[in-house]
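Let's take a friendly tour of a ligand site and the pockets of this protein. Have the structure open and follow along.

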Amino acid sequence: MAVKFNGKYLNGFVTQAEFDNIYSQVELCHNVLHAKSGAGNDFLGWLDLPFEYDKEEFERIKKAAEKIRSDSDVLLVIGIGGSYLGARAAIEYLGSAQYNDLSDLKVYFVGNNISPDYMNNILKLCEGKRLSVNVISKSGTTTESALAFRVFKKLMEDRYGKEEAAKRIYATTDKARGTLKTLSDKEGYETFVIPDDVGGRFSVLTAVGLLPIAAAGFDIDKLMAGAQAACKEYETCTPDNDCYKYAAARNILLRKGKAIELMACYDPDWTLMNEWYKQLYGESEGKDQKGLFPASVIYSTDLHSMGQFVQDGSRTMFETVIDIKAPKQDFFLEEDPENADGLNFLANQNMSVVNANAMKGTILAHNDGGVPNIVVELDGKDEENLGRAIYFFEKACAISGYLLGVNPFNQPGVEDYKKNMFALLGKPGYEAQRDELLKKLGE
Ligand code: PA5
(Lines give C-alpha, C1' and ligand atoms only; values in the text may rest on other atoms or scores of the structure.)
Protein backbone atom coordinates (compact mmCIF):
# COMPACT_ATOMS: atom_id res chain seq x y z
CA MET A 1 0.00 0.00 0.00
CA ALA A 2 1.58 3.27 -1.07
CA VAL A 3 1.10 6.27 -3.29
CA LYS A 4 3.07 5.49 -6.44
CA PHE A 5 4.47 7.68 -9.16
CA ASN A 6 4.12 6.07 -12.58
CA GLY A 7 6.20 7.84 -15.22
CA LYS A 8 5.46 5.42 -18.05
CA TYR A 9 3.41 7.95 -19.98
CA LEU A 10 6.16 10.56 -19.88
CA ASN A 11 8.03 8.51 -22.47
CA GLY A 12 8.84 10.70 -25.43
CA PHE A 13 8.45 13.82 -23.27
CA VAL A 14 10.95 13.39 -20.41
CA THR A 15 14.04 11.19 -20.46
CA GLN A 16 15.67 9.31 -17.61
CA ALA A 17 18.69 11.57 -18.10
CA GLU A 18 16.53 14.57 -17.26
CA PHE A 19 15.45 12.92 -14.00
CA ASP A 20 19.10 12.12 -13.27
CA ASN A 21 20.17 15.66 -14.04
CA ILE A 22 17.62 17.34 -11.79
CA TYR A 23 18.24 14.93 -8.93
CA SER A 24 20.99 17.01 -7.31
CA GLN A 25 18.55 19.94 -7.15
CA VAL A 26 15.88 17.72 -5.59
CA GLU A 27 18.45 16.55 -3.05
CA LEU A 28 19.30 20.14 -2.19
CA CYS A 29 15.61 20.98 -1.72
CA HIS A 30 15.18 17.90 0.47
CA ASN A 31 18.15 18.91 2.63
CA VAL A 32 16.90 22.47 3.00
CA LEU A 33 13.40 21.23 3.84
CA HIS A 34 14.55 18.73 6.46
CA ALA A 35 17.15 21.06 7.94
CA LYS A 36 14.35 23.63 8.15
CA SER A 37 16.72 26.21 6.73
CA GLY A 38 14.79 27.35 3.64
CA ALA A 39 12.28 30.09 2.93
CA GLY A 40 9.14 29.84 5.04
CA ASN A 41 10.83 27.54 7.55
CA ASP A 42 8.58 28.77 10.34
CA PHE A 43 5.67 27.00 8.56
CA LEU A 44 6.99 23.45 8.53
CA GLY A 45 4.80 22.03 11.28
CA TRP A 46 3.05 19.80 8.71
CA LEU A 47 6.31 17.94 7.95
CA ASP A 48 6.40 15.88 11.15
CA LEU A 49 2.73 16.40 12.01
CA PRO A 50 1.67 12.77 11.39
CA PHE A 51 3.76 11.85 14.45
CA GLU A 52 4.13 15.15 16.29
CA TYR A 53 0.52 16.07 16.93
CA ASP A 54 -1.25 16.90 20.17
CA LYS A 55 -2.54 13.50 21.34
CA GLU A 56 -4.72 14.97 24.08
CA GLU A 57 -6.42 17.26 21.58
CA PHE A 58 -6.83 14.34 19.16
CA GLU A 59 -8.88 12.49 21.80
CA ARG A 60 -10.96 15.64 22.44
CA ILE A 61 -11.63 15.87 18.72
CA LYS A 62 -12.98 12.32 18.71
CA LYS A 63 -15.18 13.04 21.74
CA ALA A 64 -16.52 16.27 20.22
CA ALA A 65 -17.22 14.40 16.97
CA GLU A 66 -19.14 11.74 18.86
CA LYS A 67 -21.20 14.39 20.64
CA ILE A 68 -21.99 16.14 17.37
CA ARG A 69 -23.08 12.84 15.84
CA SER A 70 -25.30 12.07 18.80
CA ASP A 71 -26.98 15.45 19.29
CA SER A 72 -27.12 17.00 15.80
CA ASP A 73 -28.67 16.48 12.39
CA VAL A 74 -26.56 19.20 10.78
CA LEU A 75 -22.98 20.28 11.30
CA LEU A 76 -22.21 23.70 9.86
CA VAL A 77 -18.53 24.04 9.07
CA ILE A 78 -17.63 27.70 8.73
CA GLY A 79 -14.32 28.49 7.05
CA ILE A 80 -12.68 29.42 3.77
CA GLY A 81 -9.56 28.41 1.84
CA GLY A 82 -7.30 26.22 3.93
CA SER A 83 -9.87 26.46 6.72
CA TYR A 84 -12.41 24.33 4.82
CA LEU A 85 -11.11 22.76 1.62
CA GLY A 86 -9.25 19.83 3.17
CA ALA A 87 -12.15 18.80 5.38
CA ARG A 88 -14.66 19.03 2.57
CA ALA A 89 -12.37 17.22 0.16
CA ALA A 90 -11.82 14.35 2.59
CA ILE A 91 -15.52 14.01 3.44
CA GLU A 92 -16.66 14.04 -0.18
CA TYR A 93 -13.88 11.69 -1.28
CA LEU A 94 -14.43 9.15 1.50
CA GLY A 95 -18.17 9.59 1.75
CA SER A 96 -18.93 10.41 -1.90
CA ALA A 97 -20.08 13.56 -3.63
CA GLN A 98 -23.58 12.57 -2.42
CA TYR A 99 -22.42 12.37 1.19
CA ASN A 100 -25.23 14.54 2.54
CA ASP A 101 -27.91 12.59 0.68
CA LEU A 102 -26.59 9.31 2.05
CA SER A 103 -25.81 10.25 5.66
CA ASP A 104 -27.81 10.95 8.80
CA LEU A 105 -25.57 13.85 9.78
CA LYS A 106 -25.49 16.52 7.09
CA VAL A 107 -22.31 18.58 6.85
CA TYR A 108 -22.82 21.98 5.23
CA PHE A 109 -19.85 24.20 4.46
CA VAL A 110 -20.54 27.90 4.82
CA GLY A 111 -18.48 31.06 5.02
CA ASN A 112 -16.58 30.08 1.87
CA ASN A 113 -18.43 32.59 -0.32
CA ILE A 114 -20.52 35.76 0.07
CA SER A 115 -23.52 34.64 -1.96
CA PRO A 116 -26.87 35.60 -0.39
CA ASP A 117 -28.61 32.76 -2.26
CA TYR A 118 -26.19 30.21 -0.84
CA MET A 119 -26.74 31.59 2.67
CA ASN A 120 -30.53 31.54 2.32
CA ASN A 121 -30.50 27.98 1.04
CA ILE A 122 -28.37 26.72 3.93
CA LEU A 123 -30.60 28.52 6.42
CA LYS A 124 -33.59 26.78 4.84
CA LEU A 125 -31.85 23.42 5.18
CA CYS A 126 -31.32 24.14 8.89
CA GLU A 127 -35.00 24.69 9.63
CA GLY A 128 -36.26 22.23 12.25
CA LYS A 129 -32.88 20.48 12.43
CA ARG A 130 -30.64 19.96 15.45
CA LEU A 131 -27.53 22.03 14.79
CA SER A 132 -23.86 22.19 15.70
CA VAL A 133 -21.30 24.65 14.38
CA ASN A 134 -17.57 24.31 13.84
CA VAL A 135 -16.14 27.73 13.06
CA ILE A 136 -12.62 27.53 11.70
CA SER A 137 -10.40 30.57 11.27
CA LYS A 138 -6.83 31.12 12.30
CA SER A 139 -7.07 34.89 12.22
CA GLY A 140 -10.73 35.09 13.17
CA THR A 141 -11.02 38.15 10.96
CA THR A 142 -11.50 36.60 7.51
CA THR A 143 -14.51 38.45 6.10
CA GLU A 144 -16.35 35.53 4.50
CA SER A 145 -16.18 33.21 7.50
CA ALA A 146 -16.59 35.93 10.15
CA LEU A 147 -19.74 37.16 8.39
CA ALA A 148 -21.20 33.66 8.22
CA PHE A 149 -20.35 33.05 11.86
CA ARG A 150 -22.18 36.21 12.84
CA VAL A 151 -25.32 34.79 11.16
CA PHE A 152 -25.05 31.28 12.61
CA LYS A 153 -24.06 32.43 16.11
CA LYS A 154 -27.28 34.43 16.23
CA LEU A 155 -29.28 31.52 14.85
CA MET A 156 -27.83 29.17 17.45
CA GLU A 157 -28.42 31.60 20.33
CA ASP A 158 -31.98 32.36 19.18
CA ARG A 159 -32.74 28.68 18.90
CA TYR A 160 -30.94 27.25 21.92
CA GLY A 161 -30.23 30.18 24.23
CA LYS A 162 -26.70 31.34 24.91
CA GLU A 163 -25.70 28.52 27.26
CA GLU A 164 -26.76 25.56 25.11
CA ALA A 165 -25.55 27.32 21.95
CA ALA A 166 -22.10 27.59 23.50
CA LYS A 167 -22.09 23.82 24.00
CA ARG A 168 -22.85 23.31 20.31
CA ILE A 169 -20.31 25.74 18.92
CA TYR A 170 -16.76 24.47 18.44
CA ALA A 171 -14.04 26.90 17.43
CA THR A 172 -10.83 25.92 15.66
CA THR A 173 -8.42 28.82 15.79
CA ASP A 174 -5.10 30.15 17.03
CA LYS A 175 -4.08 28.78 20.41
CA ALA A 176 -3.72 32.18 22.06
CA ARG A 177 -4.42 35.14 19.79
CA GLY A 178 -7.08 36.59 17.56
CA THR A 179 -10.69 37.70 17.54
CA LEU A 180 -12.13 34.19 17.41
CA LYS A 181 -10.00 32.93 20.28
CA THR A 182 -10.98 35.91 22.43
CA LEU A 183 -14.67 35.46 21.59
CA SER A 184 -14.51 31.69 22.20
CA ASP A 185 -12.99 32.14 25.62
CA LYS A 186 -15.58 34.76 26.50
CA GLU A 187 -18.51 32.62 25.31
CA GLY A 188 -17.11 29.32 26.61
CA TYR A 189 -16.83 27.44 23.30
CA GLU A 190 -14.69 24.34 23.17
CA THR A 191 -11.61 25.31 21.16
CA PHE A 192 -9.17 23.40 18.99
CA VAL A 193 -5.85 24.67 17.79
CA ILE A 194 -4.46 25.61 14.40
CA PRO A 195 -0.74 25.31 15.14
CA ASP A 196 1.35 28.44 14.55
CA ASP A 197 3.68 26.59 12.22
CA VAL A 198 1.04 25.05 9.94
CA GLY A 199 -0.37 27.22 7.15
CA GLY A 200 -4.02 26.94 6.12
CA ARG A 201 -3.46 24.87 2.99
CA PHE A 202 -1.29 22.37 4.91
CA SER A 203 -3.73 22.07 7.83
CA VAL A 204 -6.08 19.23 6.89
CA LEU A 205 -4.40 16.83 9.34
CA THR A 206 -4.81 19.29 12.23
CA ALA A 207 -8.09 19.97 14.05
CA VAL A 208 -9.05 22.09 11.02
CA GLY A 209 -9.73 18.94 9.02
CA LEU A 210 -9.90 16.30 11.71
CA LEU A 211 -12.97 17.54 13.61
CA PRO A 212 -15.31 17.79 10.58
CA ILE A 213 -13.90 14.55 9.12
CA ALA A 214 -14.42 12.67 12.40
CA ALA A 215 -17.86 14.20 12.88
CA ALA A 216 -18.78 13.00 9.40
CA GLY A 217 -18.08 9.49 10.65
CA PHE A 218 -14.63 8.76 9.25
CA ASP A 219 -11.78 7.12 11.10
CA ILE A 220 -9.16 9.77 11.82
CA ASP A 221 -6.86 7.20 13.45
CA LYS A 222 -6.59 5.47 10.09
CA LEU A 223 -6.16 8.79 8.30
CA MET A 224 -3.22 9.64 10.55
CA ALA A 225 -1.82 6.11 10.19
CA GLY A 226 -1.76 6.62 6.42
CA ALA A 227 -0.02 9.98 6.80
CA GLN A 228 2.50 8.39 9.16
CA ALA A 229 3.26 5.66 6.63
CA ALA A 230 3.80 8.25 3.91
CA CYS A 231 5.90 10.42 6.21
CA LYS A 232 8.26 7.45 6.69
CA GLU A 233 8.08 6.27 3.10
CA TYR A 234 9.07 9.64 1.59
CA GLU A 235 11.42 10.67 4.39
CA THR A 236 14.69 9.80 2.68
CA CYS A 237 16.01 11.37 -0.47
CA THR A 238 16.73 8.67 -3.03
CA PRO A 239 16.16 8.56 -6.78
CA ASP A 240 13.33 6.09 -6.04
CA ASN A 241 11.37 8.43 -3.77
CA ASP A 242 8.03 8.55 -5.64
CA CYS A 243 6.97 11.80 -4.00
CA TYR A 244 10.17 13.48 -5.18
CA LYS A 245 9.86 11.94 -8.66
CA TYR A 246 6.48 13.62 -8.96
CA ALA A 247 7.93 16.98 -7.87
CA ALA A 248 10.85 16.56 -10.28
CA ALA A 249 8.65 15.57 -13.22
CA ARG A 250 6.34 18.55 -12.91
CA ASN A 251 9.32 20.89 -12.63
CA ILE A 252 10.99 19.37 -15.69
CA LEU A 253 7.74 19.74 -17.63
CA LEU A 254 7.33 23.37 -16.52
CA ARG A 255 10.82 24.15 -17.80
CA LYS A 256 9.77 22.68 -21.15
CA GLY A 257 6.93 25.16 -21.42
CA LYS A 258 4.16 22.99 -19.98
CA ALA A 259 2.84 25.71 -17.70
CA ILE A 260 -0.46 24.05 -16.77
CA GLU A 261 -0.87 20.95 -14.66
CA LEU A 262 -4.26 19.39 -15.20
CA MET A 263 -5.15 17.02 -12.41
CA ALA A 264 -7.49 14.37 -13.77
CA CYS A 265 -9.40 11.67 -11.95
CA TYR A 266 -11.93 9.14 -13.17
CA ASP A 267 -13.92 9.26 -9.94
CA PRO A 268 -16.20 12.27 -9.28
CA ASP A 269 -15.67 11.78 -5.56
CA TRP A 270 -12.20 13.27 -6.18
CA THR A 271 -13.73 16.61 -7.27
CA LEU A 272 -13.06 18.44 -4.02
CA MET A 273 -9.62 16.83 -3.73
CA ASN A 274 -8.93 18.59 -7.01
CA GLU A 275 -9.92 21.86 -5.34
CA TRP A 276 -7.73 21.10 -2.34
CA TYR A 277 -4.79 20.35 -4.67
CA LYS A 278 -5.41 23.59 -6.58
CA GLN A 279 -5.17 25.67 -3.42
CA LEU A 280 -2.17 23.72 -2.13
CA TYR A 281 -0.15 24.12 -5.30
CA GLY A 282 -1.58 27.40 -6.57
CA GLU A 283 -0.97 29.28 -3.34
CA SER A 284 2.39 27.63 -2.77
CA GLU A 285 3.91 28.04 -6.22
CA GLY A 286 2.13 30.91 -7.91
CA LYS A 287 4.29 33.87 -6.94
CA ASP A 288 7.11 36.08 -8.20
CA GLN A 289 5.50 35.73 -11.63
CA LYS A 290 6.33 32.01 -11.62
CA GLY A 291 4.60 28.70 -11.12
CA LEU A 292 2.55 25.99 -12.74
CA PHE A 293 -1.13 26.83 -13.07
CA PRO A 294 -3.04 24.03 -11.32
CA ALA A 295 -6.24 23.07 -13.11
CA SER A 296 -8.47 20.02 -12.86
CA VAL A 297 -10.95 17.77 -14.60
CA ILE A 298 -13.08 14.80 -13.73
CA TYR A 299 -13.13 12.16 -16.45
CA SER A 300 -14.87 10.70 -18.26
CA THR A 301 -17.38 13.52 -17.55
CA ASP A 302 -15.08 16.30 -18.75
CA LEU A 303 -13.86 14.38 -21.78
CA HIS A 304 -17.20 15.53 -23.18
CA SER A 305 -16.43 19.17 -22.47
CA MET A 306 -12.68 19.70 -22.08
CA GLY A 307 -11.54 16.61 -23.99
CA GLN A 308 -11.28 18.43 -27.30
CA PHE A 309 -8.97 21.08 -25.85
CA VAL A 310 -6.77 18.61 -24.03
CA GLN A 311 -6.44 16.43 -27.13
CA ASP A 312 -5.97 19.15 -29.66
CA GLY A 313 -5.82 22.67 -28.24
CA SER A 314 -2.75 24.76 -27.42
CA ARG A 315 -0.01 22.45 -26.15
CA THR A 316 0.62 24.15 -22.82
CA MET A 317 -0.29 21.43 -20.38
CA PHE A 318 0.50 18.08 -18.90
CA GLU A 319 -1.89 15.87 -17.00
CA THR A 320 -1.49 14.28 -13.60
CA VAL A 321 -3.90 11.37 -13.54
CA ILE A 322 -5.04 10.06 -10.16
CA ASP A 323 -5.47 6.34 -10.66
CA ILE A 324 -7.53 4.88 -7.81
CA LYS A 325 -6.91 1.18 -8.15
CA ALA A 326 -10.12 -0.05 -6.54
CA PRO A 327 -13.54 1.48 -5.97
CA LYS A 328 -15.20 1.05 -2.59
CA GLN A 329 -17.68 -1.29 -4.19
CA ASP A 330 -17.76 -2.41 -7.80
CA PHE A 331 -20.83 -2.59 -9.98
CA PHE A 332 -21.45 -5.62 -12.17
CA LEU A 333 -22.72 -4.93 -15.68
CA GLU A 334 -25.26 -7.50 -16.77
CA GLU A 335 -25.89 -8.78 -20.25
CA ASP A 336 -29.10 -7.67 -21.99
CA PRO A 337 -30.46 -10.44 -24.25
CA GLU A 338 -31.94 -7.87 -26.64
CA ASN A 339 -28.75 -5.81 -26.87
CA ALA A 340 -30.69 -3.00 -28.59
CA ASP A 341 -28.04 -0.48 -27.52
CA GLY A 342 -25.21 -2.71 -28.73
CA LEU A 343 -23.49 -2.50 -25.37
CA ASN A 344 -23.20 -6.22 -24.63
CA PHE A 345 -19.49 -5.95 -25.39
CA LEU A 346 -19.25 -4.16 -22.04
CA ALA A 347 -21.37 -6.70 -20.16
CA ASN A 348 -20.39 -9.52 -17.80
CA GLN A 349 -17.72 -7.52 -16.10
CA ASN A 350 -17.32 -4.89 -13.43
CA MET A 351 -17.86 -1.24 -14.28
CA SER A 352 -14.38 -0.43 -12.89
CA VAL A 353 -12.90 -2.37 -15.83
CA VAL A 354 -14.73 -0.07 -18.26
CA ASN A 355 -13.55 2.98 -16.29
CA ALA A 356 -9.95 1.72 -16.22
CA ASN A 357 -9.97 1.20 -19.97
CA ALA A 358 -11.42 4.68 -20.50
CA MET A 359 -8.46 5.94 -18.50
CA LYS A 360 -5.84 3.93 -20.39
CA GLY A 361 -7.32 4.81 -23.77
CA THR A 362 -7.47 8.50 -22.88
CA ILE A 363 -3.91 8.60 -21.59
CA LEU A 364 -2.66 7.06 -24.85
CA ALA A 365 -4.78 9.43 -26.97
CA HIS A 366 -3.59 12.47 -25.02
CA ASN A 367 0.01 11.25 -25.27
CA ASP A 368 -0.48 11.02 -29.05
CA GLY A 369 -1.89 14.54 -28.94
CA GLY A 370 1.32 15.80 -27.30
CA VAL A 371 0.19 15.83 -23.66
CA PRO A 372 2.63 14.25 -21.19
CA ASN A 373 0.85 12.23 -18.50
CA ILE A 374 2.04 11.59 -14.97
CA VAL A 375 0.07 8.88 -13.21
CA VAL A 376 -0.22 8.89 -9.42
CA GLU A 377 -1.56 5.56 -8.19
CA LEU A 378 -3.62 5.12 -5.02
CA ASP A 379 -4.37 1.59 -3.84
CA GLY A 380 -7.84 2.26 -2.54
CA LYS A 381 -10.43 4.71 -1.43
CA ASP A 382 -10.25 4.68 2.34
CA GLU A 383 -8.92 6.77 5.19
CA GLU A 384 -5.48 5.21 5.21
CA ASN A 385 -4.88 5.70 1.50
CA LEU A 386 -6.21 9.24 1.74
CA GLY A 387 -3.82 10.03 4.61
CA ARG A 388 -0.97 8.79 2.41
CA ALA A 389 -2.13 10.87 -0.54
CA ILE A 390 -2.47 14.05 1.53
CA TYR A 391 1.06 13.75 2.85
CA PHE A 392 2.43 12.78 -0.59
CA PHE A 393 0.99 15.92 -2.21
CA GLU A 394 1.98 18.20 0.68
CA LYS A 395 5.59 17.06 0.63
CA ALA A 396 5.83 17.12 -3.17
CA CYS A 397 4.44 20.65 -3.03
CA ALA A 398 7.19 21.81 -0.68
CA ILE A 399 9.91 20.24 -2.85
CA SER A 400 8.28 21.69 -5.99
CA GLY A 401 8.22 25.18 -4.49
CA TYR A 402 11.85 25.02 -3.49
CA LEU A 403 12.79 23.68 -6.96
CA LEU A 404 11.02 26.69 -8.40
CA GLY A 405 12.93 29.06 -6.12
CA VAL A 406 9.89 30.46 -4.31
CA ASN A 407 8.78 30.46 -0.68
CA PRO A 408 6.12 27.72 -0.82
CA PHE A 409 4.66 28.68 2.55
CA ASN A 410 3.56 32.29 2.21
CA GLN A 411 0.69 33.84 0.23
CA PRO A 412 1.35 37.59 -0.11
CA GLY A 413 -0.94 37.92 -3.13
CA VAL A 414 -4.06 36.83 -1.24
CA GLU A 415 -4.24 40.19 0.54
CA ASP A 416 -4.62 42.40 -2.55
CA TYR A 417 -8.27 41.75 -3.33
CA LYS A 418 -9.17 42.23 0.32
CA LYS A 419 -7.85 45.82 0.38
CA ASN A 420 -10.00 46.73 -2.63
CA MET A 421 -13.05 44.94 -1.24
CA PHE A 422 -12.73 46.67 2.14
CA ALA A 423 -12.21 50.04 0.45
CA LEU A 424 -15.30 49.63 -1.75
CA LEU A 425 -17.39 48.46 1.20
CA GLY A 426 -16.35 51.49 3.24
CA LYS A 427 -14.34 49.79 5.97
CA PRO A 428 -12.92 52.50 8.25
CA GLY A 429 -9.28 53.27 7.39
CA TYR A 430 -9.67 52.63 3.65
CA GLU A 431 -11.16 56.01 2.64
CA ALA A 432 -8.38 57.24 0.31
CA GLN A 433 -8.22 53.96 -1.56
CA ARG A 434 -12.01 53.98 -1.88
CA ASP A 435 -12.03 57.30 -3.78
CA GLU A 436 -9.33 56.02 -6.13
CA LEU A 437 -11.19 52.79 -6.85
CA LEU A 438 -14.52 54.52 -7.42
CA LYS A 439 -12.81 56.78 -9.96
CA LYS A 440 -11.42 53.72 -11.75
CA LEU A 441 -14.88 52.15 -11.77
CA GLY A 442 -16.37 55.38 -13.08
CA GLU A 443 -18.84 55.51 -10.15
O1 PA5 B 1 -4.14 28.92 3.10
C2 PA5 B 1 -4.43 29.97 3.62
O3 PA5 B 1 -3.64 30.55 4.38
C4 PA5 B 1 -5.76 30.62 3.38
O5 PA5 B 1 -6.50 29.90 2.48
C6 PA5 B 1 -6.52 30.72 4.69
O7 PA5 B 1 -6.69 29.44 5.22
C8 PA5 B 1 -7.85 31.38 4.48
O9 PA5 B 1 -7.65 32.66 3.96
C10 PA5 B 1 -8.61 31.48 5.78
O11 PA5 B 1 -7.89 32.17 6.75
P12 PA5 B 1 -8.31 32.10 8.26
O13 PA5 B 1 -8.12 30.72 8.74
O14 PA5 B 1 -7.40 33.06 8.98
O15 PA5 B 1 -9.75 32.54 8.34
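## Contacts with the ligand

In this predicted model, an N or O atom in the side chain of Glu283 lies 2.9 Å from an oxygen atom of the ligand. The backbone takes part too: a backbone N or O atom of Gly82 is 3.0 Å from a ligand oxygen, and a polar backbone atom of Arg201 is 3.3 Å from an oxygen atom of the ligand. On its own the ligand has 380 Å² of accessible area, and the protein covers 86% of it.

The ligand has 13 residues around it, and those that come nearest are Ser83, Ser137, Ser139, Thr142 and Gln279. Sorted by class, this shell holds nine polar, three charged and one nonpolar residue.

## The largest pocket

The ligand takes up the space of the largest pocket, whose volume is about 1,200 Å³. Its lining counts 43 residues, with Ser137, Ser139, Thr141, Thr142 and Lys418 closest to the centre. Elements giving two or more residues to this lining include β4 (131-136), α8 (179-187), α12 (271-285) and α16 (415-425); α7 gives the most, with seven residues.

By class, the lining of the largest pocket has 17 nonpolar, 17 polar and nine charged residues.

## The second largest pocket

Now turn to the second largest pocket, with about 750 Å³ of space. Of the 29 residues that line it, Tyr266, Asp267, Pro327, Ser352 and Asn355 lie nearest its centre. At least two lining residues each come from α4 (85-95), β9 (317-324) and α14 (351-368), and α14 has the largest share, seven residues. The lining of this second largest pocket divides into 15 nonpolar, six polar and eight charged residues.

Key. Residues are numbered from 1 along each chain as its sequence is written. This is a predicted model: local features need pLDDT of at least 70, side-chain atom pairs count only at pLDDT 80 or more; totals for chains, interfaces and linings use all residues. Side-chain values use heavy atoms; hydrogens and water are left out. A residue is near a molecule or strand if one of its heavy atoms lies within 4 Å of it. A polar contact is a pair of N or O atoms within 3.5 Å; within protein, one must be able to donate a hydrogen and the other to accept it, and residues adjacent in sequence count only if both atoms are side-chain atoms. Accessible areas come from the Shrake-Rupley method with a 1.4 Å probe; for residues, only the protein chains shown count as cover. On a 1 Å grid over the protein atoms alone, a cavity is a set of points where a 1.4 Å probe fits but cannot get out, and a pocket is an open set with protein on both sides within 12 Å along at least five of seven lines; lining residues have an atom within 4 Å of a point. A molecule sits in a cavity or pocket if more than half of its atoms lie within 2 Å of its grid points. Ala, Val, Leu, Ile, Met, Phe, Trp, Tyr, Cys and Pro count as nonpolar, Asp, Glu, Lys and Arg as charged, and the others, Gly among them, as polar. Grid points are joined across faces, edges and corners, and a volume is the space filled by probe spheres set on the points. Helices (H or I, at least four residues) and strands (E, at least two) are DSSP runs, numbered from the N terminus.
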